[in-house]
Amino acid sequence: MSRTALRICPLCEATCGLTLTLDEGRVTGARGDRDDVFSKGFICPKGAAFPAVDADPDRLRGPLVRVDGELREASWEEAFDAVAAGIRPVVERHGPDAVGVVLGNPNVHTVAGALYPPVLIAGLGTRSLFTASTVDQMPKHVSSGLLFGDANAIPVPDLDRTDHLLLIGANPLESNGSLCTAPDFPGRLRALRARGGTLTVVDPRRTRTARLADRHIAIRPGTDALLLAAMASVLVEEHLVDLGDCAPHVQGVAELADAVKDFTPEAVAPACDVDADTIRTLARELAAAPTAAVYGRIGSCTVPHGTLASWLVDVLNILTGNLDRPGGALFPRAATDKTPRPAGPGRGFALGRWHSRVSGHPEAKGELPLSALAEEIDTATDAGEPLRALIAVAANPVLSAPDGDRLDKALGSLDFMVSVDPYLNETSRHAHVVLPPPPPAQSPHHDFAFNTLAVRNQVRYTRPALPLEPGRMPETEILARLVLAATGRHGADPAAVDRLVVDQTLGRAVNDPHSPVHGRDPEELAGLLTGHDGPERRLDMMLRLGPYGDGFGADPDGLTLDRLLAHPHGIDLGPLSPRLPQPLKTRSGQVELLPEPIAADLPRLRAALDARPDGFVLVGRRHLRSNNSWMHNVPALTGGTNRCTLQIHPDDAERLGVRDGQPVRVRGAGGEVTAPAEVTDGLRRGVVSLPHGWGHDRPGTRLRHAAADPGVNVNQLLDGSLLDPLSGNAVLNGVPVEIAPGAASEGVPGTASGPVR
């Protein structure tokens, strides 16, 4: 007999509520949960495909261990024995930094991925941390850290109340939003238009989002920071700066005005290919709107001046009085945030506390650039030991990092590698041990990260919709055992990891005079925690200590896990509200409008005023039915328009003698790929576009559907040398490439060749 269960969708940042249909121990259907307090029934094609994602026959069902050079099925005990035997000798002989940790994007979509990697990294003591953030969003973390003193204090646009929205490098009708958690982002944009608001989109492609907008600005790729700086200069020049209620909390306005004075619309127009009058109009409309928000995303992050562009997004919000204002850009308050502290100076945010061994890249937010992973493995220097072991958790950097061919070879040279992954993919095929988590229907879900970026404060939690299949292990236990095996405590009870975190957290809380449990007995508090297991007890603890919590009984109406479980569709915690100065953790206790690292990088932006690329430049793109390299093995999410094609303008195609569907060679500093042409007037002349996450043609994987239509790896066109210097983020957009017709024999849908040296 069929039954239903609730589940929060883990397949993108929108975090929509689902109602799953269950039949004979499997998921047979998925629809939007109409009673979900946040998504209210919205669902996208990825959510509708949840049953197919959950039941993918290529998902690994048990661990694999490499024996005599081949990966073979093994027991969980054998797998963790192998992990301990592989990691600990490396740490003991070469030090903790010889063990690298790579965290992929899916970590932020799971309970386990949020709770255990920080414990693993701290337990290992390694500084060799690489994550997907440095091919995606690190510029926003760095700019927020420098402005506000907290790299995770990211203001989000108040979509439901704003009168004017400027999107730059963002395509939420395809991506469902990023660093801005908003179920039914498309519906929210249509509602903005319906209530008389204005939507402007800045993007070199006429995306689905751009087609919805009142105005589309087809900017030259990579010049986002110049455009934003020119808008800031107009606000200063025309005396349109009005900080509003934010004024008492901001320092450096005069210094900023001097810093942007050279970036006049007339000066930047040739580089941006946006005329000066249009730039002035954008600035004036932003200043004149009753409320407004500027929102930039991956297209403005993955460019040579990504941190400056991310900084200028918030500068514009500040100068127009729209930071921390309803209808502007506000700081969300998640239910699992730390206990609110009184406003005042903090420790601030520092860059470059250590550097990568080979190229000397500065760390940012505790991470080194993912682009540097290959060289940290395959290059010997006098600066220290190369990486000899790697722990990859939900990561596929062979496809997501630049120059996958080099990284592919480097991974094969490691002494030891363990991969936590449901698939044998382009990266995990190199592992000595593969630890597969169960399908999402067999796992709990709470959005620790995405609720800190949500456009409305709310909290939801769903327990597993289905029990674990025989032979499966919860992902939380997999990662807890991995922590123990990697840190010299192999064989200990995995629950000890959760107990350690609870004891440490409560120990700090009772000694914190600002905590609601100050002075109480931590053992007594631990005894009050509820939940089926350690992860639920940790969630209960975070909720109780959080901004809406009961303070372990101090507020009888406060939030606890039991109260949350009594509301299966979630609890609405209200719209975003002004919070300054409480979120500020700068040394001054104020918004530091022109931080020194930003000021030091502005001459590099001034030099870009004279840059004029002669040939083609490459940009990426997203598809509604895809999420990086995750979902190309699901038939329901591939085919149709979700294909790995090279989009090219009709005029450029005619000049090159390229027809729709014919193979085209694309050559960059890292190599060459061949993909079928998709001739379209939906992008600027001189710009070509390839989607991210394809290239499923390497041997030794078990991705049968993806391998049947592999596409090409766009990141193979990059050699890893192009980075935003402040954040270490890879430059993936606005990259110079050479384009030429491909011979029919080279094949379609796509092929790749090695690096250009």
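Ser 443 is buried, with a relative accessible area of 10%; buried means under 20% relative accessible area, exposed over 50% and partly exposed in between, computed with a 1.4 Å probe on protein chains only. The model is predicted, so local features need pLDDT of at least 70 and side-chain atom pairs pLDDT 80 or more, whereas totals for chains, interfaces and linings use all residues. Residues are numbered from 1 along each chain as its sequence is written, and side-chain values use heavy atoms, without hydrogens or water.

Ser 443 lies in the loop between strand S17 (433-435) and strand S18 (456-459). Helices (H or I, at least four residues) and strands (E, at least two) are DSSP runs, numbered from the N terminus. Leaving aside neighbours within four places in sequence, Ser 443 is in contact (heavy atoms within 4.5 Å) with Arg 7, Pro 438, Arg 463 and Pro 464.

The largest nonpolar core has 61 residues, and those with the most contacts inside it are Leu 226, Met 231 and Trp 311. Such a core is a set of buried Ala, Val, Leu, Ile, Met, Phe, Trp, Tyr and Cys residues joined through side-chain atoms within 4.5 Å. Elements giving two or more residues to this core include H6, helix H10 (224-237), H15 and helix H24 (596-607); H10 gives the most, with 10 residues. Beyond its neighbours within four places in sequence, Trp 311 is in contact with residues including Ser 143, Leu 147, Leu 256 and Leu 602. A second, separate core of 52 residues includes Leu 124, Val 418, Val 420 and Leu 479.

Trp 311 also belongs to the part of H15 that meets H6, where Leu 147 is one of the H6 residues involved. The axes of H6 (residues 138-148) and H15 (residues 306-319) come within 8 Å and cross at roughly 55°; axes are lines fitted to C-alpha atoms, for helices over the stretch in contact, and angles run from 0 to 180 degrees between N-to-C directions. H6 is therefore oblique to H15, as angles under 35 degrees count as roughly parallel, over 145 as roughly antiparallel, 65 to 115 as roughly perpendicular and the rest as oblique.

Some backbone features remain. Most residues other than glycine have a negative phi, and most peptide bonds are trans. His 239, although not a glycine, has a positive phi of about 55°, and His 239 is exposed, with a relative accessible area of 72%. The peptide bond from Leu 580 to Pro 581 is cis, with omega near 10°.
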